Amino acid sequence: MDKSSSEEESDISESEIDVYAEKPYELMKNGNYKVKVKDTFRCPFCSGKKKQHYKYKELLAHASGVAKGSSSRSAKQKANHFALAKYMQNELAGDSDVPRPQIPSSSSKQSQAVVDDVYVWPWMGIVIYPVRRTDNNYYLLDSAYWSKKLACFDPFEVKTLWLEQDSVVAVIPQFNSGMSGFKSATELEKEYEIRGCGKKDWSDKRGDWRSKTYGWCARSDDYNSQGSIAEYLSKVGTLRSFSDICKEEIQNKNSVVDDLANKIAMTNENLNKVQYKYNQKAISLREVLKEKDALDRTYKAESKKMQESSRDNLNRIFREKERLNNELEAKMNNLKIWSKELDKKQALTELERQQLDEDKKKSDVMNSSLQLASLEQKKTDDRVLTLVEEHKRKKEEILNKILQLEKESDSKQKLQMEIQELKGKLQVMKHEDEDDDDVKQKMKKMKEDLEEKCSELQDLEEFNSALMIKERQSNDEIQEARAVLTTELRELLSERTIIRVKRVGELDEKPFMRACKQRFTAEEAAVQHAILCSKWQENLKDSAWHPFKHVGTGDKKTEVVDEEDEQMKNLREEWGEEVKNAVKTALEELNEFNPSGRYSVPVLWHSKQGRKASLKEVIDYMTQQLKILKKRKRVA
């Protein structure tokens, strides 16, 4: 009968454990505390634990582990379990089939020998990860993260726990219950011991201990400790000695062997039955074969008679057939004569028909070609008309701008001339008789006119300045919109769309690859192609190389690639005209779009017309694509 409720409620100090242990020892000895119940054992001081029934060795390991204790165990618990271990070794040693280990005391260093071969089963490990400030707790508490990290030890389940007291993450990998699981658990423990991060190192916590990860195999002292780890271990596992597990493995194997032996015996018995049935079937088969031989003989005799009768019938049929063949041959000869006459007549008709078919085909081809040519001509006319109208519109816009500017310039010049004229007249009149009233009146009026003209000139200059500022702002906004469109549409547009983003100034690598394939093997061609393209891409970026020349005069003066440049000539002689043209095209694009930087830049490009696309063309194209998408969504 348990009387744990009558124990003293106040805790005792570490130094009084040996003295206090005498009282519970006497109570167990007198039978007040029941330890052995039939063939099993129980701990009278852990009535709240899920596991109540132990084997002798398991309970002894439990008592010794708690007596050794951790900092979380109270001194009273250590004393009670110390007394339990002492009682089991002194009073119940006869119920054990293992050698008696020494009783652990509060000052003993040999208690590890008691629990060395007692593990938590199924096999489990414990990994302690001290959390740093920079760590992400979400990932550290994710079981999948630790399953991947500990994959080399092959755990089939991983549990993570947060230990608030030490600010650490406890990871409990669970292995299979066989010997392969034990091997994985011990390999985990050895791995961390080699690094100097075993259980002892975790207990000592020396130096910069938070920068390390610790690990060991779960044993009885972990199971019997307090806290989240012990609760989880007691929930999913039990304490078992290694020798008991080995015995169980051997028993399981013996059971399997016995089952296999029984199956072999049953198989042999079934085999004998089958052999007996086989013998019966063989006897029956021999009788059947005899009957078959008799039937064969009868069949052969009848077959011989039928063959003779068939031979006679065949001879009669052959004679009849020969007579019919002769008649047929005579008729065939007549038919051949008639056929030759028909062929002669038909040949003339066939030639005429073929000639008509050929004429008809030629006529169809010619009509088709004329239709295609007509359609193509119509498309060309439409394009020319569009271009003419566009050119006319642009020309009118330019002329209007020129006329406006000329008017503004003429107005400005006219004002300036009137102002100068008035200033000259004023200067002349100053030298005339200043006492003349008429002269004074004229000078006054001329000054007023001069001030008015100056005011008009100032207003006109301010208006021109405002127009120039607005034009610059519009140009800036257009360039900014073009840059945004180029960036945003780079992922949406492809090489096959009419409007796309092209990096002008980049080499077209296809001519280089074709030239390399003509000279080298497939593998070597790929290497040479990469080297050649890299070299000429760097040459294009070299601002010191300027292979251009000016052609034309006056307003028609333009800058073109100088094909007589030494490097261009060497490139053409060594790799051919196609490769030279690829470099020439890249140079022309760089000179047009980025002459100062000499590096490739992204540009909105009109694929069909092979030129830079205007903002209007880009916006029209994107609007058209949006309409198509809306129609598709309605259909879907």
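Of the 636 residues in the protein chain, 29% are buried (buried means under 20% relative accessible area, exposed over 50% and partly exposed in between, with a 1.4 Å probe and protein chains only). Please keep in mind that this is a predicted model, where local features need pLDDT of at least 70, side-chain atom pairs count only at pLDDT 80 or more, and totals for chains, interfaces and linings use all residues. Residues are numbered from 1 along each chain as its sequence is written, and side-chain values use heavy atoms, with hydrogens and water left out.

The protein chain holds 18 helices and 13 strands; these are DSSP runs numbered from the N terminus, helices (H or I) having at least four residues and strands (E) at least two. Take contacts (heavy atoms within 4.5 Å) between residues at least 6 apart in sequence: 62% of them join residues at least 24 apart.

Let us turn to the sheet. Four strands form an open sheet in the order S5-S6-S4-S7, with antiparallel pairing (two strands pair if DSSP finds at least two bridges between them). Strands S5 and S7 are the edges, each pairing on one side only. On average, neighbouring strands here are turned by 20 degrees against each other, direction ignored. S4 (residues 125-130) and S7 pair in the antiparallel sense over 4 bridges, and glycine 125 has cysteine 217 in S7 as its bridge partner.

| Helix | Strands touched | Angle |
|---|---|---|
| H8 (residues 179-194) | S4, S6 (168-174), S7 | about 145 degrees with S7 |
| H11 (residues 228-236) | S4, S5, S6 | about 150 degrees with S5 |

Is glutamine 174 buried or exposed? This residue of strand S6 has a relative accessible area of 10%, so it counts as buried. Leaving aside neighbours within four places in sequence, glutamine 174 is in contact with Pro122, Trp123, Met124, Pro155, Phe156, Glu157 and Tyr232.

Tryptophan 338, in helix H12 (residues 242-431), is exposed because its relative accessible area is 52%. Together with Leu328, Met332, Leu335 and Ile337, Trp338 forms a nonpolar surface patch of about 520 Å² accessible area. Areas come from the Shrake-Rupley method with a 1.4 Å probe, and for residues only the protein chains shown count as cover. Patch residues have over 30% relative accessible area and no salt bridge, with nonpolar side chains (Val, Leu, Ile, Met, Phe, Trp, Tyr) joined within 5 Å and like charges within 9 Å; a salt bridge is a side-chain nitrogen of Lys or Arg within 4 Å of a carboxyl oxygen of Asp or Glu.

Terms used. Axes are lines fitted to C-alpha atoms, for helices over the stretch in contact, and angles run from 0 to 180 degrees between N-to-C directions.
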